[in-house]
Amino acid sequence: DKRIKVLSNSNNLGVAETRNNALKIAKGDYIAFVDADDVWHLDKLEKQINFMIENNYDLTFTSVQFIDDNGNLTGTRFIVPKQVTYKQLLKQNVITLSSAVISKKILKDRVFHDDYLHEDFILWLELLKEETDKAYALTDVLVDYRLTAGSKTRNKWKSLRMTYKTYRYFHINWIKAHYYLFHYIIRGLKKYKKGRNDSSESKGNGKK
């Protein structure tokens, strides 16, 4: 398919710069991401983009299920809330990168920040703070998210440090930053508990 372009790095640029290079040449109306170790379900893009077009949404995400290094289901899935605001997202990043689809018109010239921060978390917060008041979810499980040894997700202390730095990046004072971090820790523990995991806001309304 001539519409598919493959970019190869001559050396390891890190995830943020690699994604930014792809964003520079992207021509479509929608931007979607999938990390190399995650798996989209076959109907993900069709369902999600139709969902966006029908409801005039600019930032959407989906529920995910977790797999191990060998691609086996772990028995845990994360059912996301139907919508999330900037302040709600500060308490838990419910937008898995490989589940996100963004309208190009609100992304504008934004880029991912350095890898030492939660680069995707920062992008979602910027979009919710400056471009759109809410992100909306298609709550179907449409992504298999791989939990690999050594990943930021598995390295809890590293992830917490990066999350705190993200709060400080947005000039959130240390009192509020610790408040949000407390919620982030509690919800993170629930997220990876074996069995079906529903976000605390998942019973909320849809568009309105």
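**Figure 1. Tyr167 and its neighbours.** Setting aside residues up to four places away in sequence, Tyr167 touches Leu90, Phe121, Ile172, Ala177, Tyr180, Leu181 and Tyr184; contact here means heavy atoms within 4.5 Å. The model shown in this and every other view is predicted, with local features needing pLDDT of at least 70 and side-chain atom pairs counted only at pLDDT 80 or more, while totals for chains, interfaces and linings use all residues. Residues are numbered from 1 along each chain as its sequence is written, and side-chain values use heavy atoms, leaving out hydrogens and water.

Figure 2. Buried means under 20% relative accessible area, exposed over 50%, and partly exposed in between, with a 1.4 Å probe and protein chains only. In soluble globular proteins, nonpolar side chains tend to be buried together.

**Figure 3. H5 against H6.** The axes of helix H5 (residues 119-130) and helix H6 (residues 156-169) come within 10 Å and cross at roughly 30°, and H5 and H6 are therefore roughly parallel to each other. Axes are lines fitted to C-alpha atoms, for helices over the stretch in contact, and angles run from 0 to 180 degrees between N-to-C directions. Angles under 35 degrees count as roughly parallel, over 145 as roughly antiparallel, 65 to 115 as roughly perpendicular and the rest as oblique. H5 passes H6 in a right-handed crossing; a crossing is right-handed if the near helix is turned clockwise from the far one by less than a right angle, and left-handed if anticlockwise. Phe121, Ile122, Leu125 and Glu126 of H5 make the contact with Thr163, Thr166, Tyr167 and Tyr169 of H6. By class, the contact of H5 with H6 has 5 nonpolar, 2 polar and 1 charged residues. For these classes, Ala, Val, Leu, Ile, Met, Phe, Trp, Tyr, Cys and Pro count as nonpolar, Asp, Glu, Lys and Arg as charged, and the others, Gly among them, as polar.

**Figure 4. H6 against H7.** Now follow H6 to its contact with H7. The axes of H6 and H7 come within 10 Å and cross at roughly 140°, so the two helices are oblique to each other. H6 passes H7 in a right-handed crossing. From H6, Leu160, Thr163, Tyr164, Tyr167 and Arg168 meet Trp174, Ala177, His178, Tyr180, Leu181, Tyr184 and Ile185 in H7. This contact of H6 with H7 has 9 nonpolar, 2 polar and 1 charged residues.

**Figure 5. The buried residues of H1.** Look here for Gly14, Ala16, Arg19, Asn20 and Leu23, which are buried in H1. Their cover includes strand E1 (30-32), H4 and H5. Ala16 counts as buried because its relative accessibility is 5%. Ala16 and Asp120 are 104 residues apart in sequence and 8.6 Å apart in space, C-alpha to C-alpha. Helices (H or I, at least four residues) and strands (E, at least two) are DSSP runs, numbered from the N terminus.

Figure 6. Asp38 lies in the loop between E1 and strand E2 (39-40) and counts as buried at 8% relative accessibility. Leaving aside neighbours within four places in sequence, Asp38 is in contact with Ser98, Asp144, Tyr145 and Arg146. Gln83, in strand E5 (residues 83-84), is buried with a relative accessible area of 18%. The C-alpha atoms of Gln83 and Tyr136 are separated by 4.3 Å, although the two residues are 53 residues apart along the chain.

**Figure 7. Two loop residues with positive phi.** Asn56, in the loop between helix H2 (44-55) and E3, has a phi near 60° and counts as exposed at 58% relative accessibility. His171, in the loop between H6 and H7, has a positive phi of about 60° although it is not a glycine. His171 is exposed, with a relative accessible area of 71%. Most residues other than glycine have a negative phi.
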